[in-house]
Amino acid sequence: MCRHLGWLGAPRSVASLMLDPPQGLLVQSYAPRRQKHGLMNADGWGAGFFDGSGVPRRWRSDKPLWGDASFASVAPVLSSGCVVTAVRSATIGMPIEPSASAPFTDGRWLLSHNGVVDRAILPLTAAAESAVDSAVLAAMIFARGMDMLGDTIVEVAALDPNARLNILAANGSRMVATTWGDTLSMLRQPDGVVLASEPYDDDPGWSDIPDRHLVTVTGADVELTPLKGSV
């Protein structure tokens, strides 16, 4: 299991979203408050953001986030209006390597998967960045298109009833997410929207997204759509 966070809005530093909050991903890497599966997320991390020309950039590692002084020194000056970040707790039997850490990309989108899925039910593809289940699932989602995300999640869940399929993805101007088997919270602020596996502080503005929903954020607009099988 993992924890992830996305931001869409006015430019913010990666540190302000990932490292500085009192219960941010840095703290969630060793003491998550709402994680249902696993005790910590020490098997890697990733920070993805879009530069001024709309190109996705990433910094990924297979080490615990708390031990990376180089990233901590640079993160305050990495600024973007669209950010996808994650800390990883590796599924048993999956490799621990930088390419296994989210976010994954197809050159247009950044995507993180919080959960687990049986790789045997996913199509094999050379486009996957790693052999881990999350990377293979990401490649499948990219191939089918983000407009099909809800349908793809429902189909994968039907093939693997034990799958947990919380997805968080963004392309610089749009952010989408699913809840299927784990938590996701939202914080709407005057200059943007945060989606996160769990709140990074005790702001009363946080709201929980119901399970088995698709979330679409475009500008200041947020739309929640029940996924098939949610009722």
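Which residues in H4 meet which residues in H5? On the H4 side they are Leu137, Met140, Ile141 and Arg144, and on the H5 side Leu149, Thr152, Glu155 and Val156. By type, the residues of this contact divide into 5 nonpolar, 1 polar and 2 charged. Before I go on, please keep in mind that this is a predicted model.

Now the geometry of that pair. Two packed helices are described by the angle between their axes and the distance between the axes. Helix H4 covers residues 133–144 and helix H5 covers residues 149–159. Their axes come within 10 Å and cross at roughly 135°. The crossing of H4 past H5 is right-handed.

Staying with H5, which of its residues are buried? They are Leu149, Gly150, Thr152, Ile153, Val154, Val156 and Ala157. The cover over these buried residues includes H4, and also strand S7 at 164–170, strand S8 at 174–179 and strand S12 at 213–218.

In soluble globular proteins, nonpolar side chains tend to be buried together. Here the largest nonpolar core has 33 residues, and those touching the most other members are Leu111, Leu137, Met146, Leu149 and Leu165. The elements giving two or more residues to this core are H4, H5 and S7. H4 gives the most, with 8 residues.

What is leucine 165 in contact with, leaving aside its neighbours within four places in sequence? The list is His113, Asn114, Val117, Leu137, Ile153, Val156, Ala157, Thr178 and Trp180. There is also a second, separate core of 22 residues, and among its members are Leu19, Trp45, Val87 and Ala196.

Serine 61 lies in strand S3, residues 56–61. Is serine 61 buried or exposed? Its relative accessible area is 9%, and the cut-off for buried is under 20%, so serine 61 is buried. With neighbours within four places in sequence left aside, serine 61 is in contact with Gly44, Trp45, Asp68, Pro98 and Ser101. Serine 61 and alanine 100 are 39 residues apart in sequence, and their C-alpha atoms are 8.7 Å apart in space.

The other one is threonine 216, which lies in strand S12. Threonine 216 has a relative accessible area of 17%, and it is therefore buried under that same cut-off of 20%. Not counting residues up to four places away in sequence, threonine 216 touches Arg174, Met175, Val176, Asp221, Val222 and Glu223.

Last, two points about the backbone. The peptide bond from alanine 102 to proline 103 is cis, with omega near 10°. Proline 103 is found in the loop between strand S4, 79–88, and strand S5, 104–105.

Where is arginine 212 placed? It is in the loop between strand S11, 207–208, and S12. Arginine 212 is partly exposed, with a relative accessible area of 29%.

That is the end of my list.

How values were computed
Residues are numbered from 1 along each chain as its sequence is written. This is a predicted model: local features need pLDDT of at least 70, side-chain atom pairs count only at pLDDT 80 or more; totals for chains, interfaces and linings use all residues. Side-chain values use heavy atoms; hydrogens and water are left out. Axes are lines fitted to C-alpha atoms, for helices over the stretch in contact, and angles run from 0 to 180 degrees between N-to-C directions. Helices (H or I, at least four residues) and strands (E, at least two) are DSSP runs, numbered from the N terminus. A crossing is left-handed if the near helix is turned anticlockwise from the far one by less than a right angle, and right-handed if clockwise. Contact means heavy atoms within 4.5 Å. Ala, Val, Leu, Ile, Met, Phe, Trp, Tyr, Cys and Pro count as nonpolar, Asp, Glu, Lys and Arg as charged, and the others, Gly among them, as polar. Buried means under 20% relative accessible area, exposed over 50%, partly exposed in between (1.4 Å probe, protein chains only). A nonpolar core is a set of buried Ala, Val, Leu, Ile, Met, Phe, Trp, Tyr and Cys residues joined through side-chain atoms within 4.5 Å.
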